[in-house]
Amino acid sequence: MAAPYEHTDDSVVVIIGSGAGGGTLGNELAQKGIDVVILEAGARHEYEDFINDEWASFSQLAWTDKRMTSGDWRVATDFPNLPAWIVKAVGGSTTHWAGASLRFQEHEFKARTHYGALDGANLLDWPITLAEMEPYYARAEDKMGVTRTNDIPGLPGNNNFKIMKAGADKLGYKECNTGHMAINSQPRDGRNSCQQTGFCFQGCKWGAKWSTLYTEIPKGEATGHMEVRPNSQVLRIEHDKTGKVTGVVYADKDGNEQRQKARIVAVAGNSIESPRLLLNSASSMFPNGLANSSGQVGRNYMRHMTGSVYAVFDKPVHMYRGTTMAGIVRDESRFDPSRGFVGGYEMETLSLGLPFMAAFLDPGSWGRSFASALEGYENMAGMWLVGEDMPQETNAVTLHGTEKDAFGMPVANVNFSDHANDLAMRNHAYAQGSALYDAVGATRTFPTPPYPSTHNLGTNRMSEKARDGVVNKHGQSHDIANLFVSDGSQFTTGASENPTLTIVSLAIRQAEFITGEMAAGKL
Amino acid sequence: MPTVYSGRAARLDDDAHIDEHRGAANTGLSRRALLRGTAVTGLGALLVVSGRAVICPSQAWGLETASLKPETMATLIQMARDIYPHDRIADRFYAIAVKDHDKKAAENESHRDLIEGGIGDLDARAGTGGYRGLGWEEERVAVLSQIEGTAFFQTVRGGLVVSLYNQKEIWPLFGYEGESYSKGGYIHRGFDDIDWL
């Protein structure tokens, strides 16, 4: 049973956000008997309510509240108020994600050591190693039911994967398969197996793809130690004169301000909202925002080097049938500066339906060339290119000077410009993706620019030293002992892998730390 | 409120304000009125402006405007086709895709000025006979290219990329099948049926 807690109950852990980080942390704490209140800005839509329709689903799930953009990235021109395609709903972006669940590599936890001092890059090693993370990765993979782990078979390959595999073989790539996916290839954990429906991004109506919405959250609620409050947008975090946080002020479903007391506050609103909230919680004691003595809150915003390659063939493909991210090539995900850049990238199949293909293939483009590209839709295959981008101090989430949301809270501005390393990697990835499809007989290929960001990372980064980042190796803020960050904003660097598995693993680890500190009387 | 008159088109739009008619004859327009109307293009389906309506006699639909001039709507429809030219897509889908500009123009004077001003500018740049008088797509595209940076063009294109491609009725022309959950997904319906590799 979901446990309702009083606003005045200052014994609860308040978690802001219910996605991969917040939802997992909440359940892990509740399982240990710790009382948790999760405040979620979005509404609660159960999985049977999801919609197999791109624009209708976007209206249902996406965070469409105004955001601003700046910098030289193309998203700022094409989608000036939509820097990110992430979710505002219970379950957060785990409703929308594709399911790819890859462990980071050893060298990626030590980016500064391996990549060196790149001009303009604010690189740092993680204060945590792969060896330390491995047990938590293992627990996350089991929790999420990741294919190719725990004796779970891989998913069957769809048409889009078969094209990728044929091209990968021709190019001599060795690591191509249907991936490590948190999508059930067989019924598991009370959930269905994948029915190859093709609307992973719109929320899995079968519940086959792991999402906190129908795993961590109901499991946490069932303990009697967790309450989820949807439609509750946190506006600021409060603290006492000793500098400890004491609770949060949020706008409830009716737009009224409420104050929820807390013993501990964990911020997990994704890498745009989390720094926005910390910055908006500035006080006379913390004039630059909470947990910001380093000045790094909001900085080092990363979004992965992304891009896509779509290709048209002379015969039908029907790429939209089946798992959206149906396969992967991992050969380029390695440290090999001889390619002209540091870091690596993954090649992962991707498909968009016709409405989103029209919007994202080449935003702003028009005329017969564009129209004829779409007319090749039935014969199209596609892949997403996702690689490690460089943290840069000037790529930052800040509070906008004049624009405010419905509750009077300044909206976030997302400033981003590609680093030269990002550009070199993208060009390499475009060339390799096109070559892969050319090897299978593509008649036309489209190097497609990055979409609004789905992987938002790094804006409250983890660091060994307090001067270099916002949180320590447990996601605990350097400045305030009972303030935590529990989402991808704590990433020191982005690595080349999709971030969710690492976010979940860090949340499991963080729950263990918080439980221990509470038991020891330190929190 | 714009109205799409068509037995077929009525199915194509979710909006409530659609009347079903079997053809232009049923809209109260006599053959004479049609002949009095202005033929707006000699290419493809013939569009005719009559009274407050844009009529497509050959395909039996009509679009009545409430705020925008019907000539403006006819030009918008042609402009929409020139922006995203799909020769297998009939004019009525382009008409449905741009008709909301009339609704917005009725609600918002600045939107009406944006559209009327933009179309007026387009006609002026096209010379005698206006935009619709240019017989070749390349000629019209040359004019559009001059204005593609304007708020008018971007408003029309930005709305169109959603309102055209989000019409389910045209998806089969692209080989897109849409919703699949109710059919049990594609696990038994060809998710891996590629046979030419």
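Mentor: UniProt, in an unreviewed entry, places the feature "domain: Glucose-methanol-choline oxidoreductase C-terminal" at residues 391-507 of chain A. What follows describes a predicted model. Over residues 391-507 of chain A, 23% of the chain is helix and 20% is strand.

Start with a sheet. Three strands of chain A form an open sheet with mixed pairing, in the order β3-β15-β14. The edges are taken by β3 (68-70) and β14 (396-404) of chain A; each has a single partner strand, so one side of each is left without a neighbour in the sheet. On average, neighbouring strands of this sheet are turned by 35° against each other, direction ignored. Helix α8 (residues 270-280) of chain A packs on the sheet, where it touches β14 and β15 of chain A. The direction of α8 makes about 65° with that of β14(A). As for the pairing of β3(A) with strand β15 (residues 410-415) of chain A, the two run parallel and are joined by 3 bridges. One residue pair to look for is A:Met68, whose bridge partner in β15(A) is A:Asn413.

Next, go to a helix pair. Helix α12 of chain A covers residues 500-519, and it packs against helix α5 (residues 130-144) of chain A at an angle of about 110°, with the axes 8 Å apart. The helices α5(A) and α12(A) are therefore roughly perpendicular to each other. On the α5(A) side the contact involves A:Met133, A:Tyr136, A:Tyr137, A:Arg139, A:Ala140 and A:Met144. These meet A:Leu501, A:Val504, A:Ser505, A:Ile508 and A:Arg509 in α12(A). Sorted by class, the contact of α5(A) with α12(A) has 8 nonpolar, 1 polar and 2 charged residues.

Now the other annotated domain. For "domain: Glucose-methanol-choline oxidoreductase N-terminal", again in an unreviewed entry, UniProt lists residues 88-305 of chain A. That span is 23% helix and 14% strand, and its end C-alpha atoms lie 24 Å apart. As a local detail of chain A, strand β7 (residues 245-251) and strand β8 (residues 257-261) pair in the antiparallel sense over 5 bridges. Within this pairing, A:Val249 stands opposite A:Arg259 in β8(A). The two strands β7(A) and β8(A) form a hairpin with 5 residues between them. In the turn, A:Gly255 has a positive phi of about 85°.

For the chain as a whole, the secondary structure of chain A comes to 12 helices and 17 strands. Chain A has a radius of gyration of 22 Å, close to the 24 Å that the globule rule gives for 523 residues, so it is as compact as a globular protein of that length. Along its principal axes, the C-alpha trace of chain A spans about 70 × 50 × 45 Å.

Last comes the partner chain. The contact between the chains takes 34 residues from chain A and 28 residues from chain B. On the side of chain A that touches chain B, the elements giving two or more residues are α6 (159-171), α9 (354-360) and α10 (368-375) of chain A. By class, this side of chain A has 14 nonpolar, 12 polar and 8 charged residues.

Notes
Residues numbered from 1 in each chain as written. Chains lettered and ligands numbered in written order. Predicted model: local features only at pLDDT ≥ 70, side-chain atom pairs only at ≥ 80, totals over all residues. UniProt positions renumbered as here; feature names shortened; annotations may be inferred. Helix = DSSP H or I, 4+ residues; strand = E, 2+ residues; numbered from the N terminus. Contact = placed C-beta atoms within 7 Å. Nonpolar A, V, L, I, M, F, W, Y, C, P; charged D, E, K, R; others polar. Pairing = 2+ DSSP bridges. Axes fitted to C-alpha atoms, helices over the stretch in contact; angles between N-to-C directions. Rg over C-alpha atoms; globule rule 2.2 N^0.38 Å. Parallel < 35°, antiparallel > 145°, perpendicular 65-115°, else oblique.
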